[in-house]
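Colleague: I am new to this structure. Please pick one part and take me through it closely, along with what surrounds it.

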Amino acid sequence: MAGDDHDHDHGSELSEMQLRVRALETILTEKGYVDPAALDAIVETYETRIGPRNGARVVAKAWTDPAFKATLLADASQAVRALGHVSRVGDHLIAVENTPKRHNMVVCTLCSCYPWEMLGLPPVWYKSAPYRSRTVKDPRGVLAEFGVTLPKETEIRVWDSTAETRFLVLPMRPPGTEGWSEERLAEIVTRDSMIGTGLPKAEP
Amino acid sequence: MNGVHDMGGMDGFGKVEVELNEPPFHHPWEGRVMAMSRAVGANGGVNIDMQRFSRESLPPAVYLASSYYRKWFLALRQLLLDRKMIGIDEVAAGHSLRPSPPLPRGTFSLQDVGRVTARGSFQREVSASPIFKPGDVVRAKNINPVTHTRLPRYVRGHIGTIERINGSHVFPDSSAQGKGDDPQWLYTVVFSGRELWGAEADPTLNVSVEAFEPYLDPARRQHDDR
């Protein structure tokens, strides 16, 4: 996290990183490699349209529709495509279900692989050395830092995203949500609960 | 490569720090770096595996001390230099000084944006059948290539079980070197925590990696040898 790029953004002076990045963009634009308007559109998409709401809708539907849940667990790519709210999630999205016996967690020890289409861009902690180094060895210690304590007999299954396969954790539906609509349920599905570092609660 | 990026199981990095209400980007330049990286990839200039290898190849001290998108920027610029898409004199000038080879799919423009905000496909057909099936016991090979690989160090030499076959995909080890897709079967391979970390490990822990077929040898569990 230490970065000399954090110190220069106050006032009107452009930071060293702003200048270096702008120079590279200028070169790529002048060479005809990129159109800046297209870059604007990519940034805008990830800032405003693609986020964990996509995944939350999938989880809420799985909680209320057993047939959808079965499809999701059998072939998550196909199930999500059929919902129609995400244009494409790749061929190999895998949904993994938390149960009283097994808790799933997702990590990428090598870089930052993550289902962007479902959850948005990964948070800094997911990409950080502490999370990447410890999750495969001491997942309960990591969970404790997120305030999550599981029974000691619960199996912890860690999924290391070392290829283009992407994982979505299907958390357990919390008690006290009987009769809730899909929309209301989606509101309590957090990003962290779909990574496995959080648990949804009836009180958001 | 056995770089500092291969962090699974390392100690000493401290606690996970969570930032409440974290924005997608902390500085506008971060979004530009992300978008440029996606754009030159989508239009065929450099592939994702080359970009990952370039990030891994940053000097370890730079890798550890740089923020996430700073790593992306340094790696992207170096990769474009390595592939002669830009020149060091152009970086110094902050402008293009000469024509460069066009991207295979032309300028990345507005109509291409949909292709990078939706996930691409890495599945490729292969003629061979998968060697392994679910339930097979395998040993992750003890390989230590100096080039890109997606077999993390912490599983090498260890025994696991094939859980599922995830189709045949672009092989990153080849693709990162510009040697083409070289598709290989991909498996979910599960290792027990005790197999990976020894007798002191959490007995409830199981860890899986997504392993390509060339990473695996057939094996037997020790108790099968009795």
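Modeller: Start with α2(B), where Asp49(B), Met50(B), Gln51(B), Arg52(B), Phe53(B), Ser54(B), Arg55(B) and Glu56(B) are buried. Buried means under 20% relative accessible area, exposed over 50%, and partly exposed in between, with a 1.4 Å probe and protein chains only. This is a predicted model: local features need pLDDT of at least 70, side-chain atom pairs count only at pLDDT 80 or more, and totals for chains, interfaces and linings use all residues. Residues are numbered from 1 along each chain as its sequence is written, chains are lettered from A and ligands numbered from 1 in the order in which they are written, and side-chain values use heavy atoms, without hydrogens and water.

Helix α2 of chain B runs over residues 48-56, and eight of its nine residues are buried, so the rest of the structure largely encloses it. Helices (H or I, at least four residues) and strands (E, at least two) are DSSP runs, numbered from the N terminus. Where does the cover come from? Chain A supplies β4 (166-170), and chain B supplies α1 (28-42), α3 (60-65), α4 and α7 (172-175), among others. At the start of α2(B), Asn47(B) places a side-chain oxygen within 2.9 Å of the backbone nitrogen of Asp49(B).

Now follow α4(B), one of the covering elements. It packs with helix α1 of chain A (residues 16-30) at an angle of about 35°, and the axes (lines fitted to C-alpha atoms over the stretch in contact, angles from 0 to 180 degrees between N-to-C directions) are 11 Å apart. From α1(A) come Met17(A), Arg20(A), Val21(A), Leu24(A) and Leu28(A). They meet Arg70(B), Phe73(B), Leu74(B), Leu76(B), Arg77(B) and Leu80(B) of α4(B); contact means heavy atoms within 4.5 Å. Of the residues in this contact, eight are nonpolar, none is polar and three are charged. Here Ala, Val, Leu, Ile, Met, Phe, Trp, Tyr, Cys and Pro count as nonpolar, Asp, Glu, Lys and Arg as charged, and the others, Gly among them, as polar.

Lys84(B) has a positive phi of about 60°, yet is not a glycine. Its relative accessible area is 66%, so Lys84(B) counts as exposed.

Terms used. Polar contact = N/O pair within 3.5 Å; in protein donor to acceptor, adjacent residues only side chain to side chain.
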